[in-house]
Amino acid sequence: MSGNKEVSFDPKEHQHLRYNPLRDTWVLVSAHRMKRPWAGQVEKPPEEHIPRHDPSNPLCPGNTRANGEVNPDYDSTFLFENDFPALQPDAPDPGSDQHPLFQSKAARGVCKVMCFHPWSDVTLPLMKKQEVVKVIDKWAELVEELGATYPWVQIFENKGAMMGCSNPHPHCQVWASNFLPNEPALSDSCQRAYYQKHGEPLLLQYAKQEAEKKERVVVESSDWLAVVPYWATWPYQTLLLPRRHVLRINDLTTEERGGLADIMKRLLTKYDNLFEISFPYSMGWHGAPTGPHLKEDNCHWQLHAHYYPPLLRSATVKKFMVGYEMLAQEQRDLTPEQAAEKLRNLPEEHFKRRENLEKGGGKDKKRTIKM
């Protein structure tokens, strides 16, 4: 016998696997890796001083875009056809006479850009609640309109240059397609299987469990819940869920839309306060498929939004999904519980508003979170 004392499991110290029921995949959690020194890539901090109106910015009111069209002097949300769309409604069909190893299908759709606000120097957490409600209402309107025809309507926001955003003006994109993309198709399959086995929507049951446990909750209200999911891959990834069974964003009541605006502002304020920068992320909404699927029973679905921020240690050090993540499986460097605690304990007053109230405020401060 070795005589070694048995070590009890500690998720903060011992690597382990966690199951993602939305994708039927596993993520490797290796929180002890945060102790290693970092001498790798350091990103350029986000632009701090963005002009409210830049005559050369194609998204600002009254400015000319790449296709020669002039934006109206909008004072709320502004929607237009993407000048460089990935999907077009009239693309030809590749044909069906194909080898099984070289298959292709027709891909058709529309791509739209939606500006949240006429000012370039604001983001969602800095907008007024009613301004955010107008964004939500426009999202719902687009799902209703485009979803009448297209099977999938993807609303997504890439925030920050680190996430590939080429323009600092507050905006998102909406792509509608004649096919169900890979991620929602996988999510549809997993949610359906769970519902058939357990008789309750997966994410409705999950929200109830998380609301009771509290350890991964970041912000919550009577209608909404934002958590770092148990299976999170990105360091400060969050999942935003309604407490009521809701299939699509256009099914939300007026009260729920107001509550959504409020909890989005709270969550995104905490993101910005983490490293006192305009926090980069990619986010998007997933709801029940539309178009021909509107006639089907989609009770296994639950509306939800994913937030995927890349930052890990500071405003300039991000998580890289390379090597093992690309070739084996997803891996994260701190537990979801640690991430949720960090976010939960942050103030809900935006650091920029606080600085404006302090004498000598507005200085360029960059904090590093110590694990």
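Guide: Let's start with accessibility: a residue is buried under 20% relative accessible area, exposed over 50%, and partly exposed in between, with a 1.4 Å probe and protein chains only. This is a predicted model, so local features need pLDDT of at least 70 and side-chain atom pairs pLDDT 80 or more, while totals for chains, interfaces and linings use all residues. Residues are numbered from 1 along each chain as its sequence is written, and side-chain values use heavy atoms, without hydrogens and water.

Visitor: Why is Arg192 called partly exposed?

Guide: Arg192 has 30% relative accessibility, and the label covers values between 20% and 50%, so Arg192 counts as partly exposed.

Visitor: And what makes Asp188 buried?

Guide: Its relative accessible area is 12%. The cut-off is under 20%, so Asp188 is buried.

Visitor: How do you know that Arg192 and Asp188 form a salt bridge?

Guide: The term needs a side-chain nitrogen of Lys or Arg within 4 Å of a carboxyl oxygen of Asp or Glu. For Arg192 and Asp188 the N to O distance is 3.6 Å, so the pair qualifies. Both residues sit in helix α2, four residues apart, about one turn of the helix. Helices are DSSP runs of H or I with at least four residues, and strands are runs of E with at least two, numbered from the N terminus.

Visitor: How many salt bridges does that rule give?

Guide: The count comes to 23. Behind the rule is a simple idea: side chains of opposite charge can pair when their charged atoms come close.

Visitor: What makes Glu183 and Arg23 a salt bridge, and where do the two lie?

Guide: Their closest N and O atoms are 2.9 Å apart, and the limit is 4 Å, so the pair is a salt bridge. It links distant parts of the chain: Glu183 belongs to helix α2 (residues 182-198), Arg23 to the loop between β1 and β2 (25-29), and 160 residues separate them. Glu183 has 37% relative accessibility and Arg23 has 24%, so each is partly exposed.

Visitor: Why does the pair Glu81 and Lys112 count too?

Guide: Here N to O is 2.4 Å, which is within 4 Å, so these side chains meet in a salt bridge. This pair also connects distant parts of the chain, from strand β3 (residues 78-81) with Glu81 to strand β4 (residues 109-115) with Lys112, 31 residues apart. Glu81 is partly exposed at 42%, whereas Lys112, at 10%, is buried.

Visitor: Which residues form a network of salt bridges?

Guide: Arg18, Glu210, Glu215, Arg216 and Glu337 are linked in one.

Visitor: What makes Leu17, Tyr19 and Trp26 a nonpolar surface patch?

Guide: Patch members have over 30% relative accessible area and no salt bridge; like charges are joined within 9 Å, and nonpolar side chains (Val, Leu, Ile, Met, Phe, Trp, Tyr) within 5 Å. Leu17 has 47% relative accessibility, so it clears the 30% cut-off. Leu17 lies in strand β1 (residues 16-20). The patch made by the three residues is about 300 Å², using the Shrake-Rupley method with a 1.4 Å probe, where only the protein chains shown cover a residue.

Visitor: How many cavities of 30 Å³ or more are there, and what volume has the largest cavity?

Guide: The count is one, and the volume of the largest cavity is about 130 Å³. Of its 14 lining residues, Val143, Val153, His286, Gly287 and Ala288 are closest to the centre. On a 1 Å grid over the protein atoms alone, a cavity is a set of points where a 1.4 Å probe fits but cannot get out, and lining residues have an atom within 4 Å of a point. Points are joined across faces, edges and corners, and the volume is the space filled by probe spheres set on them.

Visitor: Which strands supply the lining, and what classes of residue does it hold?

Guide: β5 (152-159) and β10 (281-286) each give at least two residues, and β5 has the largest share, three residues. By class there are ten nonpolar, three polar and one charged. Ala, Val, Leu, Ile, Met, Phe, Trp, Tyr, Cys and Pro count as nonpolar, Asp, Glu, Lys and Arg as charged, and the others, Gly among them, as polar.

Visitor: What makes the phi of Asp24 and Lys214 worth a remark?

Guide: Most residues other than glycine have a negative phi. Asp24 has a positive value near 55°, and Lys214 a positive value near 75°. Asp24 is in the loop between β1 and β2, and Lys214 in the loop between α3 (202-213) and β7 (217-220).

Definitions and conventions. 1 Å grid on protein atoms, 1.4 Å probe; cavity = no way out; pocket = protein on both sides within 12 Å on 5 of 7 lines; lining within 4 Å.
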